[in-house]
Amino acid sequence: MRAAVLTGPRTVEIVDRPEPELLPGSCLVAVERCGIGGPDLLAWRSGNLPAPAWFGHEWSGRVVAVGAESSDRFIGERVVGAVPPPCGNCVPCRAGIGAFCRLVLDMIIGTDERASDHGAFAELIRADSRRLHRLPEGVDYADGALAEPGAVAAHAVRQADPSLGDVAVVVGAGTVGLLVAELARLAGASRVAVLELEPERRELACDLGTDAAFAEAGDLNRWLAAQGHGLGADIVFDCAGGQKAMDDSLASVRSGGLMVLVGATPDEVVIPAGQLLSREVTVTSSLGYTIADVHRALDLMADDRFRVSKLYDRIVGFAELPSVFEELSRRRTRRPKVLFSPDPA
Ligand SMILES: [Zn+2]
């Protein structure tokens with residue numbers, strides 16, 4: 001069977017592999033759709049190779065084989081790949097902080113013992129059956145491939161816990177930023193603005209219900225000054241990462257407000273402690289997601305309240321995949337998300 005693997009900086013190779021072996025506690029899934037995500041792009045650019053199963057981790061598919069000890073799954077089941085429940089046995093689980101379960105972390109980064117030796121840019125993938133979540137009726141495979149970034153966005157919004165009347169700002173309208181903007185409103189924020197350089201992504205943000213979208217921090221801050229009591233944003237989600245995003249976030253958050261670090265960057269970022277101190281700004285962070293975030297994201301999609309299909313307009317196969325990474329790294333795609341399918345026709 002075919003699989004696309006990352007073999008070096010900016011190098012994606014299409015290889016022929018034997019079908020993955022069906023291990024006890026695992027399933028084989030025929031991949032239907034797999035999103036190309038921010039972490040995939042970071043790995044592609046840097047050549048810092050992640051665990052092989054990490055490259056292509058936003059996937060949906062059909063169960064085609066069920067291993068021993070996987071009796072809760074069935075052949076033909078429509079599923080997405082995400083995280084399992086906390087294991088209950090590791091040190092954090094035994095201490096009562098299952099959110100930091102080591103098994104969950106292993107599975108997020110693709111280093112657990114049943115992980116496939118490649119990601120889901122492939123025809124088939126093996127996965128621990130605990131990682132599989134049923135795709136609700138009415139949610140197709142393409143939207144299902146956004147359950148994983150949807151869960152990342154849900155986690156970020158739940159960390160912030162917006163309340164009625166809050167003004168929220170999202171810095172960076174990539175996939176996760178756009179999804180955070182949607183969910184922040186669903187969670188209670190009354191006004192939501194986006195800061196994003198690309199005009200098409202600002203337009204898309206407004207299409208998805210954002211009140212305002214700006215390219216320049218100065219324009220955003222003028223808009224904020226005109227809202228409510230002119231205090232600035234109650235919550236700022238930094239979904240871009242990097243020094244400029246940090247500075248822009250800090251410039252728009254109100255005194256006593258909350259900043260949530262969501263976007264990853266390999267660069268060093270300085271957090272100006274004096275400003276945090278003098279304005280009592282709280283900084284928190286959001287890493288990955290939990291099983292509860294997956295279920296909430298899928299349920300909201302099934303209810304048609306969390307709309308993800310405008311984030312992609314293109315499905316590519318093996319042949320196009322290497323060049324799509326080039327395009328995405330230059331932000332040359334019309335929509336922030338491009339989906340892979342082993343059989344795009
Ligand atoms: Zn655990």
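Biologist: Among contacts in the protein between residues at least 6 apart in sequence, what share joins residues at least 24 apart?

Modeller: The model is a predicted one. Two residues are in contact here if their C-beta atoms lie within 7 Å. Counting contacts between residues at least 6 apart in sequence, the share that joins residues at least 24 apart is 71%.

Biologist: Which secondary structure elements does the protein contain, and why is it described as being as compact as a globular protein of its length?

Modeller: The secondary structure comprises twelve helices and 15 strands. For 345 residues the globule rule gives 20 Å, and the protein is as compact as a globular protein of that length because its radius of gyration is close to that value, at 20 Å.

Biologist: What percentage of the residues counts as buried?

Modeller: A residue is buried if 20 or more other C-beta atoms lie within 10 Å of its own. Of the 345 residues of the protein, the part that counts as buried is 48%.

Biologist: How far apart do the C-alpha centres of domain 1 and domain 2 lie?

Modeller: The domain assignment places residues 2-146 and 308-340 in domain 1, and residues 153-285 in domain 2. Between the C-alpha centres of these two domains the distance is 28 Å.

Biologist: Which element supplies the largest share of the side of domain 1 that touches domain 2?

Modeller: Ten residues of domain 1 are in contact with 13 residues of domain 2. On the domain 1 side, these residues divide into four nonpolar, two polar and four charged. The largest share of that side is three residues, and they come from residues 38-46, helix H1.

Terms used
Residues numbered from 1 in each chain as written. Predicted model: local features only at pLDDT ≥ 70, side-chain atom pairs only at ≥ 80, totals over all residues. Helix = DSSP H or I, 4+ residues; strand = E, 2+ residues; numbered from the N terminus. Rg over C-alpha atoms; globule rule 2.2 N^0.38 Å. Buried ≥ 20, exposed ≤ 12 C-beta atoms within 10 Å, placed from the backbone. Domains from an automatic or database assignment. Nonpolar A, V, L, I, M, F, W, Y, C, P; charged D, E, K, R; others polar.
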